[in-house]
Every structure is written in structure tokens, then in C-alpha cells.
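Please read them with the coordinates open.

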Amino acid sequence: MSTTLLVTIAFVLFVLVVFQLARTTEYISLLRGEERAQEDADKMNGLLFLLFLIIGGGAMVWSLFHYKQYMVLQAATVHGQWLDSMFMVTLLFTGIVFVITQIMLFYFAWKYKHTKGRKALYYPENNKLEMWWTVIPAIVLTTLVIIGIYRWFQITGPEPKDSMVVEITGQQFLWNYRYPGNDDKLGNYEFKYITAVNKVGLDFNDPAAKDDYMATEMHVVVNKPVLLRIRSKDVIHDVGIPYFRVKMDAVPGLVTRFWFIPTVTTEEMRKKTGNPDFNYEIACDQLCGKGHYGMKGIVVVETQAEFDAWKAKQPSFYESSVKGTDEEKHFAELTEQLKAEKEKEASKGHHE
Amino acid sequence: MSSEVSNPVVQPVFTGDSTHHQDSEGEIHENGHHEHHKEYFFTKYVFSQDHKTIGKQFLITGIFWAFVGGLLSVIFRFQLGFPNQAFPFLETLFGKWAPGGIISPEFYYMLVTMHGTILVFFVLTAGLSGTFANLLIPLQCGARDMASPFLNMLSYWFFFAASCVMLTSFFLPEGAADVGWTFYPPLSGVKESAPGAGLGADFWLIGMALFIFSSLLGGLNYITTVLNLRTKGMSMNRLPLTVWALLITAILGLISFPVLLGAAILLLFDRNLGTSFYLDKIFINGHPLDHAGGNAILYQHLFWFLGHPEVYIIILPAFGLVSEVLANHARKPIFGYRAMILSMLAIAILAFIVWAHHMFVTGLNPFVASVFVLLTLLIAVPSAVKVFNWIATIWQGNLRFTPAMLFCVGFVSLFISGGLTGIFLGNSALDIPLHDTYFVIAHFHIVMGVSAFFGMLAGVYQWFPKMFGRFMNNTLGYIHFWITFVGAYMIFWPMHYMGLTGVPRRYYSFDAFQSFNMFGDLNKFITIAAMLVFFAQLLFILNFFYSMFKGRKVTDPNPWKSNSLEWTTKINPGHGNWDGPLPTVYRWPYDYSKNGDEFIPQTVPYKPGEEKLHH
């Protein structure tokens with residue numbers, strides 16, 4: 001409490017000191033004449049702009065190289081690498097414009113600061129010049145649009161036929177993963193079947209749902225296309241996997257999709273990064289409530305053999321967690337309830 | 001007509017040119033009687049219908065909100081810069097929201113939500129447009145007041161009511177809204193989804209509805225005034241760019257804000273009346289909801305149909321203010337006046353057809369997204385034209401670095417930096433890795449947040465003498481500019497690096513992720529820079545209020561040697577602006593350094609043989 005008070009007092013005093021100093025300098029400059037004062041200010045600020053250009057530019061270059069170590073410059077998916085090179089192309093174009101315009105701006109600010117006796121140039125327009133700086137950006141941007149849309153359609157297009165399917169369902173504040181069983185088919189679901197056990201609302205009346213299995217981590221096979229079917233139970237979440245350049249919202253009531261081909265196994269990445277605990281992480285990228293920042297998932301990229309071995313150990317969700325338990329009775333009740341609801345709904349429509 | 005002739009004070013204004021007609025009735029009334037009006041405290045300072053007073057009311061309320069909004073960001077930066085470190089004074093101040101001196105996640109999300117809402121709507125929309133449209137449109141068009149001074153007054157008081165509702169929401173037991181300023185349902189649509197999705201969210205929606213009324217009443221007035229009340233000779237192509245910018249801003253707001261009102265009302269229905277516009281198949285807190293058949297994405301379309309034009313509602317006035325101040329202090333005509341207007345019009349039209357670029361990763365149809373990519377990147381062309389024109393304006397100028405001018409140069413630099421990163425984000429494919437990361441935060445804070453602030457501050461420094469008849473303290477102005485300018489880059493530049501690493505926005509803590517937890521030092525650096533910049537704004541506020549009463553008095557009615565009409569009034573103009581007849585305009589407002597004259601006000605007729613430049 002007393003430190004709080006001291007800090008506050010010190011802060012207020014500091015503000016007052018700066019304020020008084022500024023008032024005094026203002027009086028002094030007035031005594032010396034308004035015009036003189038403005039001339040000094042022009043000189044000083046012009047110089048400061050030039051200094052800002054030089055020091056700021058230096059700091060920018062330094063920081064870029066310093067923070068490069070943290071950036072994942074090569075994505076661990078096929079499309080991610082396309083995006084990385086597209087990023088570099090965009091950076092090149094925008095970087096050139098950035099450097100030229102900032103240098104011109106601050107150099108001119110310094111060069112053309114007010115000098116007594118010099119006249120500004122009356123130069124209201126130049127149609128030719130304006131035409132050029134409309135056309136050139138238009139051409140550059142068209143190039144970027146073409147590259148972008150070409151890649152976009154590749155990424156969002158239909159998934160390859162041999163893709164494996166994983167369903168990922170978001171809820172406050174965790175991810176559920178569901179895999180099809182040996183029939184390679186994800187069974188039906190219904191949100192009204194959701195319980196504490198049956199977390200994604202599997203419909204066991206559908207035979208295809210009976211061999212589906214649930215996992216606590218997402219396992220995928222290296223160099224094999226993966227199709228994510230993305231759902232949410234409650235609010236909007238977002239499946240973001242930074243190393244894969246994957247991001248797609250999970251929207252309640254809808255199924256969204258994203259496919260990718262992982263190219264580096266978790267094991268290889270551990271060696272590459274020198275971090276034995278490395279994991280590919282899924283982060284929720286859409287604000288979903290107070291636990292948003294902790295909504296993490298793990299993706300394990302492994303070889304086909306490792307995946308098969310893992311899969312063999314995953315029991316069907318129905319067999320392991322529902323069959324013969326109270327949950328099965330509860331599910332039967334929910335089925336009846338839903339059926340009754342539907343009949344009621346149908347008869348309502350009939351009478352109208 | 002006859003009454004006009006019978007009043008000798010009034011200059012004959014009808015020239016047969018219908019575009020320049022004006023409200024002669026009002027004028028006669030003002031001229032004949034305003035000396036006898038008794039001005040009571042309430043009618044002069046509180047329920048005033050004088051556009052200048054209303055402008056000041058918007059400005060001062062805007063400054064209050066900027067202080068609150070900025071303070072909120074400093075508080076949540078504490079958590080990001082010094083995670084899990086106890087600051088006992090936070091508990092002293094905020095009690096249960098910062099138990100043990102550590103900000104709680106609920107409080108954090110409340111702070112970020114309200115920070116965004118306040119700065120986007122209450123400061124950079126109402127505080128910026130409200131202030132300068134009110135102050136400058138009548139003065140620079142040569143009108144006695146707004147078309148409807150009464151609606152204009154209502155516009156402020158609706159804003160005041162909206163402010164009261166928003167401010168009250170902070171003191172609710174569950175706190176203010178905490179679902180993000182974009183207010184996406186179902187998080188905002190289901191009361192049990194978050195602590196601040198309860199009463200706080202209802203307050204937010206009602207506050208926003210009132211705010212939209214305010215914005216519409218103001219906008220109607222601005223448009224009508226510019227179109228109908230320009231003085232004789234003030235054709236559209238002689239208007240200062242400030243007025244052009246504010247006119248286009250008002251049109252954007254008038255078309256887009258009603259859509260947000262609709263979205264907000266439907267959301268209120270979903271929350272309180274059991275409808276399902278945005279809700280479908282939701283299982284939350286252990287039970288399914290009855291809501292079915294709605295679509296959460298619908299809200300996003302409606303929201304961004306306003307939300308994207310809103311970005312230009314914020315930045316266009318800054319374009320106008322900067323163009324005006326830059327030309328004035330460069331002592332040069334603005335380069336490419338017509339290109340400046342055309343580019344603003346192009347931006348305004350495109351602003352309506354790019355909204356879905358905020359939604360590239362919501363599962364939007366890929367073809368639809370590709371159309372939005374094309375339109376979005378197109379908008380970079382007029383923006384680039386503007387930047388080149390500003391740089392060409394200072395080239396070969398004779399730059400007077402008043403604080404207002406410094407903020408203009410800073411604005412151009414920031415607008416370049418923030419605008420270029422938009423080219424990354426607008427390209428849907430590149431948006432995938434960058435969406436909802438710190439790269440986005442860096443982009444929109446630089447290009448729209450800080451830039452618009454710089455435009456606004458340039459405007460305040462420039463027109464303070466007109467508002468209060470006094471100057472602000474220059475030395476404090478210089479200190480304010482340099483800390484803010486350098487500080488803004490220190491805060492937001494490094495965020496690009498975090499974004500490129502994939503660090504998501506709206507994270508209370510990065511502890512859980514090894515992909516994101518290496519930026520501890522950088523976050524500390526950003527927090528300290530943010531505190532420094534906040535401190536500089538306190539100096540500005542001090543300077544503002546001190547100078548209002550004690551600043552150096554203005555002695556020259558045209559202290560910046562400017563060409564536009566507001567400087568042809570008295571130093572402290574009364575209601576009605578000009579004592580005598582309204583000024584007549586003969587030329588555009590940018591004849592600086594022409595034929596050896598440093599400046600030629602708009603009221604000076606062309607000399608025989610003078611080059612006319614289509615204006």
C-alpha cells in the first residue's frame with residue numbers, strides 16, 4: 001500500500017516537473033521571438049526525423065535478425081511451404097515500397113524543413129506521375145492476387161482421395177478427436193446425445209458410429225494427407241496449428257474442413273529443434289471464453305508403422321465406454337426422447 | 001427572396017446557381033437577432049446547439065474515453081509484460097478482479113473487450129468524426145451552423161447516453177462484456193458462455209444501439225450541411241479535403257451503421273427472447289440448448305458489413321485532417337487534389353465490398369473468399385496513391401514543424417507501415433497462418449488505431465486556437481509527439497515478429513504453449529513502452545486543459561496563415577460564426593506559394609490573368 005502511494009506520488013511529481021519545464025521553455029522561446037523559436041523547432045524536428053530514419057531503420061534490421069530464430073521459417077506441411085514462399089514474395093514487394101517511401105518521407109522532412117527566405121514550389125499536380133503510381137501498384141497487386149488465389153484454391157480444394165479423416169470437436173476449453181474405425185467411416189452424431197461420457201454425441205443407432213474411437217491426442221501419418229472435419233459443441237473455436245500453417249474455425253451447427261500433408265514427424269522435429277520435449281501444438285485461435293488461452297491440443301506426426309501400432313491399441317469408444325454401462329441405458333432414454341420430440345414436431349406440422 | 005432584399009445586412013446570395021444556394025431564412029434570423037439572445041449557462045455550454053460547442057463536447061468526451069480505453073490497455077499489458085507477478089496496488093484498485101494483485105482471466109478479457117469497443121467506437125468514431133465534422137464542416141463550408149442544430153445536439157446527447165450505459169457496465173457485479181469487441185455469438189449470444197456474457201453484454205448492446213442513433217443523427221446533418229449550406233462560390237471542387245473526407249465518412253456511416261443496429265437487435269432477441277438467429281445445436285454447461293436453426297456466421301457477415309466500412313469511418317477523417325494540415329505547413333498545395341478525392345471515393349465504395357476478408361477462416365465458400373481477395377487488394381491502389389501524394393506534397397516544400405505537422409508526418413509513416421501488412425492479410429492464403437495472431441494486432445493498431453489517433457491529434461493541435469482562442473504549449477507538444485511516435489513503433493513493430501511465430505491474440509498467458517512462450521522479454525519491453533506512451537498522453541491531456549484556460553492567447557485571426565474559411569472568422573466566433581455577411585469563395589483552399597504569395601485565402605478573387613487550375 002505504501003509503495004503504491006510512493007510510486008503514485010513520484011509519478012505525479014514527474015509529470016509536474018516535465019510540465020513546468022515545458023512551460024518555462026515556452027516562456028524563454030517567446031522572449032526570443034516567436035519566429036526564432038519556430039525556426040529552432042523546425043531545425044530540431046527535421047534533424048530528429050532524419051535520426052529516426054537512421055536509428056529506427058537500424059533497430060528494425062537488428063530486431064528482424066534477432067527474432068528470426070523464433071520464427072518457424074519452414075512449415076512442416078506441404079501447403080505450409082507454399083505459403084512460406086508466397087510470404088517471402090509478398091515481403092519482397094512490400095519491403096521495397098516500405099524502404100523507398102519511408103526514406104523519402106523522412107529525408108524530405110529533414111531536407112525541406114523551413115528555411116528563411118526559401119520559397120516552397122507551387123506544384124499542385126502532375127497527371128503523368130499520378131498515372132504511373134496508380135498503374136504500378138495495380139500491376140504488383142494483381143500479381144500478388146494471382147499467386148494468392150491460385151494457392152488458395154489448391155489449399156481449399158477437395159482433399160486427395162487417400163486422405164485419412166480425423167474429426168476434431170472443440171468445447172470450452174479442450175479438443176476432442178474422433179477417428180473412424182475399421183469401416184473408415186465416421187458415424188452419425190447428434191448434439192442432443194452429448195453427455196459427460198459421450199462427449200461428441202455419437203449416435204450408436206448408426207452402425208458406423210459403433211467402431212469409431214476417440215483419442216486424447218491427434219495422431220497423423222507423415223506424408224499422408226489428413227482431412228480435418230471440424231466441429232464445435234458450444235461457442236466458436238479455431239483449430240490453429242502454427243507449424244502446419246493450419247487455421248480453421250470450429251462453428252457450432254456447422255462442419256468446417258481443412259486438409260494438409262504433414263512432412264516432418266514429431267521425432268524428426270525434436271532432433272531438428274534440439275528440444276526433446278517438442279510437440280506440435282494446436283492452439284485455439286478464436287476467443288471462446290475465460291479459458292481460451294489454455295485450450296491446447298497435441299498433434300503427433302509419425303510413420304505409418306507407428307500409427308498402425310497406436311491405432312491397434314485404441315478400442316472402439318462404444319465397446320470400451322458405453323456398452324453394458326449406465327451410459328447405454330441413458331443413451332436409449334435419449335433416443336426415445338428425441339424420437340418423441342420429432343414425432344411431436346411432425347404432428348404439429350401435419351395439423352397445420 | 002423579398003425578405004432577403006428588405007434586410008440590408010444580408011449579402012445577396014442567390015446567383016441562380018442552384019448548387020450554391022443557402023438557407024437565407026436562418027441567416028436573417030441570426031443576423032437580425034443573435035446580438036439580443038440571452039445565453040444561459042445551460043444553453044451555451046450544456047444543451048448548446050452551436051456546432052462549435054457540440055464539437056468541443058465530442059472532443060472532451062472523446063478525450064475522457066481515450067484516457068479510459070488507454071488505461072485499460074496499460075492494465076492488461078501488466079499481465080502480458082509481467083505474467084503472474086503480483087502488484088498489490090491492482091488488488092487495492094480492482095478488488096476481486098485482481099486477487100492477490102494478479103489480474104484474473106475474466107478481468108483480462110473484460111479489459112481487452114472494452115478497450116477495443118471504446119477506442120474503435122467512442123474515441124475514433126465519435127471523438128474523431130464528432131469533433132471535426134462538427135467544428136469544421138460549417139466553418140470550412142461557410143455556413144452559420146449545421147442544417148439541423150437541434151438534431152446535432154441530440155446526436156451528442158445520444159452519445160452521452162451511450163457513454164453512461166457503457167460506463168455503468170463496468171460496475172455491474174459480473175462486470176462489463178468480456179466476449180471480444182467483435183461480439184461473436186454464440187459466445188455473446190448465450191448468457192452462460194462467459195462471465196461477461198450476462199448483464200454486461202446486454203449493457204454493451206444497448207450502449208451500442210444508442211451510439212448508433214447518435215452516429216446516424218450526426219451523419220445526416222453532416223451530409224445535408226455539406227450538400228446544401230455551402231457559401232457562395234464554394235463549389236464541391238473548392239472544398240477543403242477535410243470536408244470531403246468528413247462527408248464521405250458520414251455517408252459510409254449512414255449506410256453501414258444501421259446494419260450493425262440490426263445485428264445488435266437480433267442478438268438481443270437471441271439472448272433475451274428465445275429466438276435463434278445466430279444459434280444452432282449448442283451444448284453448453286452440461287445441457288443442450290433449445291435454440292436451433294440459426295447461423296453463427298450470419299452475425300459475422302452483418303457485423304463486418306459495418307465493421308469494415310467502420311475502419312474507413314475511422315481513417316478517412318484522418319486522411320482529410322492530415323491532407324489539410326500537411327499542405328498548410330508545407331506551404332504547398334496538396335499534391336493531386338482531385339486524385340485525393342477520387343481515391344477517397346474509390347476507398348469508400350470498395351469499403352462496402354471487402355467485409356468478408358475478416359472471415360477467410362470461418363469456413364466461407366472458397367470461391368466467395370477469392371472474390372473478396374481481389375477486391376481487398378484493389379483497395380491498396382487508392383491507398384498507395386494517397387501516400388505518394390502526401391510525400392509529393394512535402395517534396396520541395398518549406399516545412400514548418402508545428403506539433404500538428406509532426407503528427408502528420410508521423411501519420412504518413414505509420415499509414416505506410418500498417419497499410420503494407422494489410423497486403424499480407426488481405427490475401428486469403430497468407431491470412432491462414434497470420435489470422436488472429438499478433439500480426440493482425442500490429443497491422444490494425446498501426447494502420448487504423450495509431451494512425452487515426454495521429455490524424456486526430458494533428459487536428460487538435462491545428463484547430464485548438466480556433467476552438468479556444470489560445471495556443472497549446474509547443475514544447476509539451478513536441479515531447480508528446482516524439483514519445484508517442486517512437487513509442488508506437490516500439491509497441492507494435494515487435495508484434496509482427498510474434499505474429500509470424502503464430503502467437504495468437506487474446507491470450508491471457510502463454511505458459512501452456514511451448515510454441516509461444518519465448519517472448520517474455522519482448523512482452524515486458526512492449527508493456528514498458530505502452531506505459532511510456534500512456535504517460536505522454538497524460539502530458540497531452542494536461543496541456544489541453546491547462547491551455548484551454550491559461551494558454552498563450554491568439555492575436556492573429558489566421559495564426560497558421562491558412563487559406564480556408566474558418567480563419568476568416570473572429571478569433572472567438574459566436575453562434576453564427578461570421579458577424580457580417582458570409583464570406584464569398586473564389587478559389588480552392590490550396591493556393592500556397594503561388595506566384596510569390598505565400599498563401600492566398602479562398603476569399604481572394606483571382607487576379608486578372610492568374611492561372612486557374614480547374615478550381
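Predicted model: local features only at pLDDT ≥ 70, side-chain atom pairs only at ≥ 80, totals over all residues.

1. I begin with B:Arg506, which is buried, its relative accessible area being 11%. This residue is found in the loop between helix 17 and helix 18 of chain B, and although B:Arg506 is not a glycine, its phi is positive, at about 60°.

2. B:Asp436, not a glycine either, has a positive phi of about 55°, and its place is in the loop between helix 15 (428–434) and helix 16 of chain B. With a relative accessibility of 7%, B:Asp436 counts as buried. As background, most residues other than glycine have a negative phi, and most peptide bonds are trans.

3. Where are the cis peptide bonds to look at? One of them joins A:Gln172 and A:Phe173, with omega at about -5°, and A:Phe173 is found in the loop between strand 1 (164–171) and strand 2 (174–179) of chain A. Another cis peptide bond runs from B:Pro185 to B:Pro186, where omega is near 0°; B:Pro186 is found in the loop between helix 7 (149–169) and helix 8 of chain B.

4. Strand 2 of chain A also holds A:Trp175, which is buried at a relative accessible area of 6%. Leaving out residues up to four places away in sequence, A:Trp175 touches several stretches of chain A, among them A:Ile168, A:Thr169 and A:Gly170, A:His237, A:Asp238 and A:Val239, and also A:Ile282 and A:Cys284. The C-alpha atoms of A:Trp175 and A:Arg229 are 13 Å apart in space, while the two residues are 54 apart in sequence.

5. How many disulfides does the structure hold? Over all chains the number is 0. A:Cys284, one of the residues touched by A:Trp175, is buried, with a relative accessible area of 0%. The closest cysteine sulfur to that of A:Cys284 belongs to A:Cys288 and lies 3.9 Å away, which is too far for a bond, because a pair of cysteine sulfur atoms has to be within 2.5 Å to count as a disulfide. In chain B, B:Cys164 is partly exposed, with a relative accessible area of 36%.

6. A:Thr266 belongs to helix 6 (residues 266–273) of chain A and counts as buried at 4% relative accessibility. If its neighbours within four places in sequence are set aside, A:Thr266 is in contact with A:Phe278, A:Asn279 and A:Tyr280, and with A:Val299, A:Val300 and A:Val301.

7. The contact between the two chains takes 111 residues from chain A and 130 residues from chain B. Together, chain A and chain B bury about 10,900 Å² between them, and 70% of this area is on carbon and sulfur atoms. On the side of chain A, the residues that lose the most area to chain B are A:Tyr122, A:Trp152 and A:Tyr293, which together account for 8% of what that side buries.

8. By class, the lining of the largest cavity divides into 32 nonpolar, 10 polar and 3 charged residues.

9. The second largest cavity contains about 170 Å³ of space. Of the 17 residues that line the second largest cavity, B:Thr125, B:Ser129, B:Ser215, B:Gly219 and B:Tyr222 lie nearest its centre. Two or more lining residues come from each of helix 6, helix 8 (199–228) and helix 9 (241–272) of chain B, with helix 8 giving the most, at 6 residues. The lining of the second largest cavity has 7 nonpolar and 10 polar residues, and no charged ones.

Terms used:
Residues numbered from 1 in each chain as written. Chains lettered and ligands numbered in written order. Heavy atoms only, no water. Buried < 20%, exposed > 50% of the residue type's maximum accessible area, 1.4 Å probe, protein only. Nonpolar A, V, L, I, M, F, W, Y, C, P; charged D, E, K, R; others polar. 1 Å grid on protein atoms, 1.4 Å probe; cavity = no way out; pocket = protein on both sides within 12 Å on 5 of 7 lines; lining within 4 Å. Points joined across faces, edges and corners; volume = space filled by probe spheres on them. Helix = DSSP H or I, 4+ residues; strand = E, 2+ residues; numbered from the N terminus. Contact = heavy atoms within 4.5 Å. Buried area = accessible area lost by both parts, 1.4 Å probe.
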